[in-house]
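User: I would like to learn how to read a few features of a model. Please take them one at a time.

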Amino acid sequence: VVNLMKPFSKIFDKLEMANIPTLQNVVPSYYRMMNDVRADAKDHAINDELKTEIRSCLDNKYLSSILPIHWVATYLDPSFKSFFFVSDRSYLEIKKKSIRKGLHILVSDIIPNYETPLTTQQSLNNPPPSKREKNDPFADFRNRKTTQDPIIFNRATITTELNRQINMYENMEIDDDYDNNPFTFWLKHKEDLSILAKISKSLLVIPVSSTESE
């Protein structure tokens, strides 16, 4: 029983770290623990019963607590991005679609930080109308205003760029010297994967929990 429980303490340590990100460890921890309690014909009856109970708890309590944000965080750790530990490929495809959707939701938080030259130039060329133009139905014509919403324009631009960066990230080879800290990776790629790096910076600072694992 002691030997069975040893790997769990290492997993809990990874979930409780204070000096490096931990949110990306939630999903792999479930699969790591399930692997450690898989059925084995050589098990003693007591260990076999204990493993069965642990697997049930992991499915009913741990798995049900895993949220889409945990899957996104795991994806943003380059060493986990392929989800090699998920054997159910159809389930993984569903999760990958959820991850991509989650990234597009999260990117909306950084849209105000992206200004296009077109938007900036429009603001320079279109000063506030004078008072005498207040009731002029042709004021927008006179000021050469466009009806295009700059936010919509920016959103479309960033959506396209985000998709490009996701594809680039998924096809990227991870350096052998990667130190398993996603912040190190995203600091290195803050220019070529700028949007994903911004999402990672805002997401991975969230701790798994403010209390120790039970």
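**Salt bridges and helix packing**

Analyst: Start with a pair of charged side chains: those of Arg 164 and Glu 161 meet in a salt bridge, at 2.8 Å from N to O. Note that the model is predicted.

User: Where do Arg 164 and Glu 161 lie?

Analyst: Both are in helix 8, residues 150–170, and they are three residues apart, about one turn of the helix. Arg 164 has a relative accessible area of 41%, so it is partly exposed.

User: How many salt bridges does the count come to?

Analyst: The count comes to four salt bridges, by the rule of a Lys or Arg side-chain nitrogen within 4 Å of a carboxyl oxygen of Asp or Glu. One of them joins Asp 36 to Arg 32, with 3.0 Å between the closest N and O atoms. These two residues both belong to helix 2 and are four residues apart, about one turn of the helix. Arg 32 is partly exposed, at 41% relative accessibility.

User: Which residue forms a salt bridge with Lys 51? And is Lys 51 buried or exposed?

Analyst: The partner is Asp 43, and the closest N and O atoms are 2.8 Å apart. Buried means under 20% relative accessible area. Lys 51 has 7% relative accessibility, so it counts as buried. Asp 43, with a relative accessible area of 21%, is partly exposed.

User: Next, helix packing. What describes two packed helices?

Analyst: The angle between their axes and the distance between the axes. Here, helix 1 and helix 2 (residues 26–36) pack at about 175°, and their axes are 10 Å apart. An angle over 145 degrees counts as roughly antiparallel, and helix 1 and helix 2 are therefore roughly antiparallel to each other.

User: Which residues in helix 1 meet helix 2?

Analyst: Helix 1 contributes Leu 4, Pro 7, Phe 8, Ile 11, Phe 12 and Leu 15, which meet Val 26, Ser 29, Arg 32, Met 33 and Asp 36 in helix 2. Sorted by class, this contact has eight nonpolar, one polar and two charged residues. Arg 32 and Asp 36, both listed in that contact, are also the salt-bridge pair described above.

User: Finally, which residues does Val 1 touch, not counting residues up to four places away in sequence?

Analyst: Val 1 touches Ile 46, Asn 47 and Leu 50. Val 1 and Asn 47 are 46 residues apart in sequence, yet their C-alpha atoms are 6.4 Å apart in space. Val 1 is in the segment before helix 1 (2–16). At 52% relative accessibility, Val 1 counts as exposed.

Technical notes. Residues numbered from 1 in each chain as written. Predicted model: local features only at pLDDT ≥ 70, side-chain atom pairs only at ≥ 80, totals over all residues. Heavy atoms only, no water. Buried < 20%, exposed > 50% of the residue type's maximum accessible area, 1.4 Å probe, protein only. Contact = heavy atoms within 4.5 Å. Axes fitted to C-alpha atoms, helices over the stretch in contact; angles between N-to-C directions. Parallel < 35°, antiparallel > 145°, perpendicular 65-115°, else oblique. Nonpolar A, V, L, I, M, F, W, Y, C, P; charged D, E, K, R; others polar.
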